[in-house]
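I opened my notebook for a friendly look around this one. Here is what I looked up, entry by entry.

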Amino acid sequence: MKRLFRGGTIVSGKEMRPLDLLVEDEKILQLGQDLEDTEAQVVDVSGKLIFPGFIDGHTHMDLEVSGTVTADGFDTGTKAELAGGTTCLIDFATQNKGETLAYALERWHQKADGRSSCDYAFHLAISDWNRQVSQELSAVVKSGIRSFKLYMTYDAMVVDDESLYEILVRLKELGGIAGVHCENKGIIDARLLEVLRKKGHRQDTADYPGTRPDLAEAEAVSRLLKIARCVDTPVIVVHLSSREGYEEVKRARLAGQTVYVETCPQYLVMDESRYFLPDGEGRNYMCAPPLRKAADQEVLWQALSQGQIQTVATDHCSFTQKQKQAGAEDFAKTPCGMPGAQERPALLYHYGVNTGKLTEMQMCALLAENPAKLYRLYPRKGVIAPGSDADLVIWDPAAEYTLTKDRQQSAAGYCPMEGTRLKGRAREVYLRGRLAARDGEILLPYAGRYVVAEEGEILL
Ligand code: DUC
Ligand code: ZN
C-alpha cells in the first residue's frame, strides 16, 4: 500500500522543509515537491509538522524492583509511548544476581514479544560481573545488544569501581557502550541513616531530596568519567539531573573525553517542591535521582539548547499510588520512578519549542535522530529518508489540550503533570506505514516488533 502525505513540513535534526512524502508499505519511498502517485492514498497534512517516530532510549517496563513490579508492562507502557508519538523504545533488560545474560534477555523477550504496540529494542543492565558473564558478552553483542546499563547505586544492582573498570574494558573490546546511573551509594546510605537518627522516622518526603544530593550525582559522574578515561572509552551519563553533575561532564569534555548525556522531562519541568506536598503526595514524584531545584532546570535547558545534552528520554518506571503506599512509614521503601512515556514529546514541545528554548530541529534530534544514532538504530529509525522505516508523527503545533490521568494509556493511575494545559501534540502516529494512534487513542495494538542494534560506529 502507498500513502502520499501532502502539504506538511518535514523535520530533521538539521532542517525543516515543506515537502511531500511518499510511503510504500513499511518504508519511506521518496520525498519531494509536488509528488504524484496515482496508486497512493493521499493524506492531507497541511499545517502539520512531520517528525520521524520518536525513540525513548530509557524505559523500565515489567521490572521487578523494591519488592513489586512496575505498573506498566510492555502492554500499557508501549501504548503510552505510541499514543504520544514514540514508535520505538529501548527497555532495560535486567540481569539479576546469579543469572546469565542470555537468561535475562530471554526473560525480557517473554515480557515484550507479542505485547508491544510500538517497536522495541533492549539495553542490558549488568548486575553481576564475573568471568562467565565477561565471556558471554561477545555472543550478546553479536546478537545485536550493543548498549549496557550499569548502576553505581542500589544494593541489588550496584557495580563496584573494579567491576566498572573491567566492564568498560570488555565493552571497548567488543564495540559496546555503557549508560551509567550515577549516584554515590555511600552518601545516600549515610544520609538515610542521618534522617532516621535525627527524626526517629522517615515518613516525610520533604527529607527525600536531601538523601540524594546533587553532589552525590556529581561525585559518581566524576568517578565514572575518570574510570572511563583510564579505559579511554566513551560513556553515556543517563538521567542527568543537576548543575553539579553537568559541571563534571564539562570538565571531562574539556580534557578531551567523549561523554554522551541524557536527561528526562521530569528534571526539566518539575522541581523538588513536589516533595513538600502534604498527605504523602510527594511519593508520586519520588524518582532517582530526585527532582532538583529551578536553578538546575535552567542549566539543563541551557545545555540542551547548546547541543551539550544529546537525548531526552523518560526513565518511565511507573507505580500506582497504592504501590507507592509501601513508603508511607518510611519513604526509603517507596518504589522509585514515575510514568512519563505518553507526555515526553508534548512536554518538550510545549516547554522547549513554544518558549523558544529549542527549535523543532533540536526537538527532532533529542527525541529521534540522536537516540537512533547513539543506540545504532540509524538510519532505519530516527530519520525521514528513503529506505527508512515509515515511523511518522503528524504533529499539530496548534492543538491545545489538558493532561489528565483519565486520558492516559499508562496503568499508573495518576499523571504527574495532571491539569497542565499544553499546546502542540501528536495528532496521528504511523508505525512502519500503518496508522497506529490518533489523538492519544490506540488504533493498532500489538504491532510492535523487536529491533536489533546495528554493528558499527556511533554516528553522533
Ligand atoms: N530511577 C528511578 O526513578 N526508577 C527506576 C530506576 C532509576 O534509576
Ligand atoms: Zn532508569
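**Entry: Leu-277.** I started with Leu-277, which I found in the loop between helix 9 (265-269) and helix 10 (294-305). I kept in mind throughout that this is a predicted model.

**Entry: the zinc ion.** Next I turned to ligand 2, the zinc ion, and asked which atoms coordinate it. I noted NE2 of His-58, NE2 of His-60 and OD of Asp-315, at 2.0 to 2.2 Å. Along the chain, the donors follow the spacing H-x1-H-x254-D. The pair of His-58 and Asp-315 links distant parts of the chain, 257 residues apart. I placed His-58 in strand 8 (residues 54-59), and Asp-315 in the loop between strand 17 (311-312) and helix 11 (321-324). I then looked up accessibility for both. His-58 is at 0% relative accessibility and therefore counts as buried. Asp-315 is at 10%, under the 20% cut-off, so Asp-315 counts as buried too.

Entry: I traced an open sheet of four strands, in the order 5-4-1-6, and its pairing is mixed. At the edges I found strand 5 (27-32) and strand 6 (41-44), each pairing on one side only. On average, neighbouring strands here are turned by 20° against each other, direction ignored. How do strand 1 and strand 6 run? They run parallel, and four bridges join strand 1 (residues 2-6) to strand 6. I picked out Phe-5, which stands opposite Val-43 in strand 6.

**Entry: two helices.** Last, I looked at how helix 2 (residues 101-112) packs with helix 3 (residues 131-142): the angle is about 45° and the axes are 9 Å apart. Helix 2 and helix 3 are therefore oblique to each other. Which residues make the contact? From helix 2 I listed Leu-101, Ala-102 and Leu-105, and from helix 3 Val-133, Glu-136, Leu-137 and Val-140. Sorted by class, this contact of helix 2 with helix 3 has six nonpolar residues, one charged residue and no polar ones.

Key:
Residues numbered from 1 in each chain as written. Chains lettered and ligands numbered in written order. Predicted model: local features only at pLDDT ≥ 70, side-chain atom pairs only at ≥ 80, totals over all residues. Heavy atoms only, no water. Pairing = 2+ DSSP bridges. Axes fitted to C-alpha atoms, helices over the stretch in contact; angles between N-to-C directions. Parallel < 35°, antiparallel > 145°, perpendicular 65-115°, else oblique. Contact = heavy atoms within 4.5 Å. Nonpolar A, V, L, I, M, F, W, Y, C, P; charged D, E, K, R; others polar. Donors = N, O, S within 2.8 Å, 3.2 Å for Na, K, Ca; no water. Buried < 20%, exposed > 50% of the residue type's maximum accessible area, 1.4 Å probe, protein only.
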